[in-house]
Amino acid sequence: MNVRAAAANVLFQVVDKGHSLSNALPAAQTTIKPRDYALLQEICYGALRYLPRLESTANQLMDKPLKGKQRVFHHLILVGLYQLSFMRIPAHAAVGETVEATKTLKGPRLRGLINAVLRNYQRNQEQLDAQAVSHDAGKYGHPSWLLKLLQASYPTDWQQIVAANNTKAPMWLRVNQHHHQRQDYLELLKESGIECEIHEEAQDAIKLLSPCDVTQLPGFDKGWVSVQDAAAQLSSDFLNAQDGELILDCCAAPGGKTAHILERAPNCKVVAIDCDDTRLQRVHDNLQRLQLNATVICGDARNPEEWWQGEKFDRILLDAPCSATGVIRRHPDIKWLRRAEDIHALAQLQSEILDAMWQQLKPGGTLVYATCSITPQENKDQVKAFLTRTCEASLIGSKLENPGRQILPGERDMDGFYYAVIKKAK
């Protein structure tokens, strides 16, 4: 398939149909040549980052919107506009290949329209770009509800958060201590000509200065290293699992944190649960590649009595379902799939899971509450409410007036994450 046609299909699936980019993009990759994977990803990620700006320009250039069966051609126009606005592809090639995609999409009659819109943009780009960023959604690339939430929650930081969300995320590695100390693996990367640097807080984290295919990483197939953001790696530091303990990784898929726990404490027993059986397959895959063992269970965290009759846990990592507003730079579709009302519903779900998991924790045990969100409702407000209603719970490493650790997107080049360490009285 023409790669621009594939990109238009992905945008149509995400924006119009509400499918996640994580599902739509791999499906589209099966229709194109492997050499075009990077181009497809660049177009799809970029167009979703700057969606309101592209939409505004497209609307300015068209007499009436494309509807119904013609909607995919609207997204083809966005594909063309993104290339002309943000990519180094020669303009004649961007226009020509985008117009050619009408054949693949079975709309040759729209060839003239697509060509006219893109040529018109070329002629009037400066004026159209100015119009497209004259409103906040176009200027910042975020829906208005999310901008308002960020402005209210982070009055001095919201612009930095928005800017970080619109950048490409770096590639972070997690070194498996079973095989190498971080400094030793750093030398292996340098010997392979891969430029990198360490993270001063996450003990196993290395950032690549330029992303690369995992097949180029020394020993990746042997489990020497995994790909995981530095902020996510901090979960093991906060959990501090010890050999001999019984550990629960709750909402564990795709399994990166499960594996990290076992890499740090190889003689602990880990139970990993998640309600999504399909995503649990990735937990199995990760454990197999790393040659690690855990008990993997499909179950609803709100109802542990349905899937666990064993003893209570020494430590629980609760990586709660959340809005994922901290990882928008990795998943730009989140901005357009989430709605303001989702935050309240997710906070309610998190509360139910937190109460249920607390009952599975031994007296004297530790629970780490984590999200990849940056909304206070899901994080510090959630923890405050839990501590208020739970007399045997106390915070470790932070105070009630500002509980936990909120990492904002881009902080030390990390994703946005939240952690709170809670101790249960003996």
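Let us begin with an open sheet of 4 strands, whose order is S2-S3-S1-S4 and whose pairing is antiparallel. At its edges stand strand S2 (196-198) and strand S4 (225-227); each has a single partner strand, so one side of each is left without a neighbour in the sheet. From one strand to the next, the twist averages 30°. Strands here are DSSP runs of E with at least two residues, helices are runs of H or I with at least four residues, and both are numbered from the N terminus. Two strands count as paired if DSSP finds at least two bridges between them.

Before going on, please note that this is a predicted model, in which local features need pLDDT of at least 70 and side-chain atom pairs count only at pLDDT 80 or more, while totals for chains, interfaces and linings use all residues. Residues are numbered from 1 along each chain as its sequence is written, and side-chain values use heavy atoms, with hydrogens and water left out.

Back to the sheet. Strand S2 is joined to strand S3 (residues 205-208) by 3 bridges, and the two run antiparallel. Contact means heavy atoms within 4.5 Å. Axes are lines fitted to C-alpha atoms, for helices over the stretch in contact, and angles run from 0 to 180 degrees between N-to-C directions.

Now step back to the whole chain. The protein chain is divided into domain 1 (3-137), domain 2 (170-228) and domain 3 (230-424), with bounds that come from an automatic or database domain assignment. Between the C-alpha centres of domain 1 and domain 2 there are 35 Å.

Gly 256 is placed in helix H14, and beyond residues up to four places away in sequence, Gly 256 touches Arg 174, Gln 228 and Asn 286. Thr 258 also lies in helix H14. Is Thr 258 buried or exposed? Thr 258 counts as buried, because its relative accessibility is 0%; the cut-offs are under 20% relative accessible area for buried, over 50% for exposed, and partly exposed in between (1.4 Å probe, protein chains only). Leaving aside neighbours within four places in sequence, the contacts of Thr 258 include Asp 249, Val 270 and Leu 287.

Val 270 leads us to another pair of strands. Ile 247 stands opposite Val 270 in S6, and S5 and S6 pair in the parallel sense over 5 bridges. Strand S6 (residues 269-274) is mostly covered, with 5 of its 6 residues buried.

In an unreviewed entry, UniProt lists several residues under "binding site", among them Cys 251, Gly 256, Lys 257 and Asp 274. UniProt positions are given in the numbering used here, feature names are shortened, and annotations may be inferred rather than shown by experiment. Cys 251 is found in the loop between strand S5 (246-250) and H14, and counts as buried at 15% relative accessibility. Apart from neighbours within four places in sequence, Cys 251 is in contact with residues including Asp 274, Ala 301 and Asp 319.

The feature "active site" is placed by UniProt, again in an unreviewed entry, at Cys 372. Where does Cys 372 sit? Cys 372 is in the loop between strand S9 (361-371) and helix H18 (380-389). Cys 372 is buried, with a relative accessible area of 17%. Not counting residues up to four places away in sequence, Cys 372 touches Cys 322, Thr 325, Gly 416 and Phe 417, among others.

Ile 374 lies in the loop between S9 and H18 and is buried, with a relative accessible area of 1%. Ile 374 and Gln 406 are 32 residues apart in sequence, yet their C-alpha atoms are 7.1 Å apart in space.

Finally, how many disulfides does the structure hold? There are 0 disulfides, a disulfide being a pair of cysteine sulfur atoms within 2.5 Å. For Cys 212, the nearest cysteine sulfur is that of Cys 196, 9.9 Å away. Cys 268 has the sulfur of Cys 250 as its nearest cysteine sulfur, 16 Å away, and Cys 268 is buried, with a relative accessible area of 9%.
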